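Good morning, colleagues. Please bring up the structure on the screen, and I shall begin with the aromatic rings.

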Amino acid sequence: IIQDRIIIVANQLPVKAKRRPDNKGWSFSWDDDSLLLQLKDGLPEEMEVLYVGSLKVDVDPSEQDDVSQLLLDRFKCVPAFLPPDILTKFYHGFCKQHLWPLFHYMLPFSANHGGRFYRSLWEAYVAANKIFSQRVIEVINPEDDYVWIHDYHLMVLPTFLRRRFNRLRMGFFLHSPFPSSEIYRTLPVREEILKALLNSDLIGFHTFDYARHFLSCCSRMLGLEYQSKRGYIGVEYYGRTIGIKIMPVGIHMAQIESVLRLADKEWRVGELKQQFEGKTVLLGVDDMDVFKGVNLKLLAMEQMLKQHPKWQGRAVLVQIANPARGRGQDLEEIQAEITASCKRINETFGQPGYEPIVFIDRPVSLSERVAYYSVAECVVVTAVRDGMNLTPYEYIVCRQGVSESESSSESSGSKKSMLVVSEFIGCSPSLSGAIRVNPWNIETTAEAMNEAISMADAEKQLRHEKHYRYVSSHDVAFWSRSFFQDMERTCKDHFRRRCWGIGLSFGFRVVALDPNFRKLSIDHIVSVYLRSKNRAILLDYDGTVMPQTSHNKTPSSEVISIINTLSSDIKNTVFVVSGRGRDSLAQWFSPCKKLGIAAEHGYFMRWSANDNWEVCGQNSEFGWKEIAEPVMKLYTEATDGSSIETKESALVWHHRDADPGFGSSQAKEMLDHLESVLANEPVTVKSGQFIVEVKPQV
């Protein structure tokens, strides 16, 4: 049998590239820090894993074929080479200057704060995603392979792949936050990206908040509602159910523990212990970008030293800042601000042999980071937005230490760690023992830092144990295993379904139908039509004879002429069947003398313009209207955009133009209200698409 494979697609391959010393070609090695490499631990053991992504280095076009072959043979990696102009506009342009700020809640109010939307950058993003899709298509077996796409760089890739392979099993995981619909709605290509993501079978997010924002966008922009069945969330989209997965990523325990063993043997831990002897170390480890709130942390440290002078000379904040990945004016401003704060705080509170802020702005290896974790009493994360942030997880594992090193004096004591974390980061909900802060509030963050380092050891220990149990069991393998199992479950009916791809460009989607579904054949209808002696033709009005969106509901002369042609054939009986009132329909179709009309869903009926109206309901008692109408009026006043339609046989409350969320919750409330006040009346109350209707029982 053919073994299932998985193709993992991300912006960057999990390999490091170096120029050979003789400058002839390249040498490659696995990047052990890459999440894409680590997630293999959670996939079935016998499963083959292929990677598609770009390299961090420029490879000359003349070498690209050799490099591709080498990477495929040795690493099962397929490199996507992006032309330099596309790369700059795609990565530094659309991804880093537009999507990244927007997904972290930064709107481009002025041209130099958060990048403005430029169509040419979006076109480069689409072109880059297309290049990635071509690399995937070169190696895929569509019937046997799973595809797992990672992160915001490749959000339109699902459309390119789904267009080629209707039944492809495909998942997408977003590693950044997904912003509130109020923010996301400002994106000029909002529908294109949403529809592209919905071409996946499973969409994963770190937290419920991110998933909720995504679902809210689907509801507000595309009118799609989600259902929860047995704990799984699904969005119905043209007959397909797209699974929504909420699962925060974890760390690679084995990697951190092996680095820990080495760090233990090395001099660095001992050296740091000596350097900070008698001091209480608070530690920050952040990428240098505008959302990490590094300056807010420095200001909180300054506030703590002011409010609690006992820490002057004793508490030290070590801040490690990894080099920036983005560029731009915002970043330069933040860096200048941080430098100024460090200088000011150290000048104010520094003493001989004591500096309250130790700022490290150079690349720091994992083993050196581990050494700092080992000596820190508390880790502080004050990011104003962050997709996940695994710093607290790494810290907890380092403070636990490794079992082999139990002999050393320090680790024989009980393990403890403390965390002060921003409530705006993805890992915050998972760390129930951390002190959560609003990083914008300098005073409360300062108090939290003081509380963390002043807390009794027994309490620190209990919190540490709880966190360690969570972090060690919810590691990166747990995350990838869980995502893959959900992908299998979501896709299990793929090959039983009948699928059609419809729509152009980013409007493309796959319509999935039951295996017993038969598509209507126009040729077949025509031949049966021509052979038959008696034909009944029933036409709906809104959305069939007239476009749903049209404000002018009068039928066009073309429609009138088609209906006249059909009804003039003696073999045909033609009816318009509608929920609309008899007067409007009679007026609109006055030129169609032979047309039958069933108005108000058949409550009133006439066979032709010369016939009288027949009433099909038994009930001519309309006293119930006096009870229902005041209730409907109450809700209409309270719900902006709603209206009441008074028919002869029914009352209808419309909320199509109201806020979608508020309108539907008011409709549910009204349904209950009307059912209770009309319980003894001969009517039925029902809700439909954007309506609540009261009509006589038939």
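Predicted model: local features only at pLDDT ≥ 70, side-chain atom pairs only at ≥ 80, totals over all residues.

A search of the whole structure finds 29 aromatic pairs; rings of Phe, Tyr and Trp (its six-membered ring) pair if their centres lie within 6.5 Å, with planes under 30 degrees apart counted as stacked, over 60 as edge-to-face and the rest as tilted. One of these pairs is formed by phenylalanine 173 and phenylalanine 483: the ring centres are 5.9 Å apart and the planes stand at 75°, so the pair is edge-to-face. Helices (H or I, at least four residues) and strands (E, at least two) are DSSP runs, numbered from the N terminus.

Residues are numbered from 1 along each chain as its sequence is written, and side-chain values use heavy atoms, with hydrogens and water left out.

Are the two phenylalanines of this pair buried or exposed? Phenylalanine 173 counts as buried because its relative accessibility is 0%, and phenylalanine 483 is buried with a relative accessible area of 1%. The classes are: buried, under 20% relative accessible area; exposed, over 50%; partly exposed, in between (1.4 Å probe, protein chains only).

Elsewhere, Phe90, Phe94, Phe117, Trp122, Tyr125, Phe160 and Phe506 form one aromatic cluster.

The charged end of arginine 385 sits over the ring of tyrosine 105, at 3.7 Å from its centre. The criterion is that NZ of Lys or CZ of Arg is within 6 Å of the ring centre and within 35 degrees of the ring normal. Arginine 19 likewise lies over the face of tryptophan 26, 4.8 Å from the ring centre.

A salt bridge here is a side-chain nitrogen of Lys or Arg within 4 Å of a carboxyl oxygen of Asp or Glu. Since arginine 19 lies in strand β2 (residues 15-19) and glutamate 63 in the loop between β4 (48-54) and α2 (64-75), the pair ties together parts that are 44 residues apart in sequence. Arginine 19 is partly exposed, at 34% relative accessibility, whereas glutamate 63 is buried, at 17%.

How many salt bridges does a search of the whole structure find? The count is 32. Let me describe two further examples.

Arginine 212 pairs with aspartate 209, their closest N and O atoms being 2.9 Å apart. Both residues lie in helix α8 (residues 208-222), 3 residues apart, which is about one turn of the helix. Arginine 212 is partly exposed at 39% relative accessibility, and aspartate 209 is partly exposed with a relative accessible area of 39%.

The side chains of glutamate 648 and arginine 582 meet in a salt bridge of 2.8 Å, N to O. Glutamate 648 belongs to the loop between β25 (643-646) and β26 (651-654) and arginine 582 to helix α20 (residues 582-588), so this bridge ties together parts 66 residues apart in sequence. Glutamate 648 counts as partly exposed, at 32% relative accessibility. Shared partners also join Arg268, Glu271, Arg362 and Glu368 into one network of salt bridges.

I turn now to two leucines. Leucine 431, in the loop between β16 (418-422) and β17 (435-437), counts as buried at 0% relative accessibility. Leaving aside neighbours within four places in sequence, leucine 431 is in contact (heavy atoms within 4.5 Å) with Pro392, Tyr393, Ile396, Leu419, Arg436 and His467.

Leucine 530, in helix α18 (residues 522-531), counts as exposed at 62% relative accessibility. Ile522, Val526 and Leu530 form a nonpolar patch on the surface, with about 320 Å² of accessible area together.

Finally, the chain as a whole. The chain has 22 helices and 28 strands, and its C-alpha atoms fill a box of roughly 105 × 60 × 50 Å along the principal axes. Of its 698 residues, 52% are buried. Among contacts between residues at least 6 apart in sequence, 69% join residues at least 24 apart. 

Two definitions complete the account. Patches are made of residues with over 30% relative accessible area and no salt bridge, with like charges joined within 9 Å and nonpolar side chains (Val, Leu, Ile, Met, Phe, Trp, Tyr) within 5 Å. Accessible areas come from the Shrake-Rupley method with a 1.4 Å probe, and for residues only the protein chains shown count as cover. By that method, the accessible surface of the chain comes to about 33100 Å², of which 50% belongs to carbon and sulfur atoms.
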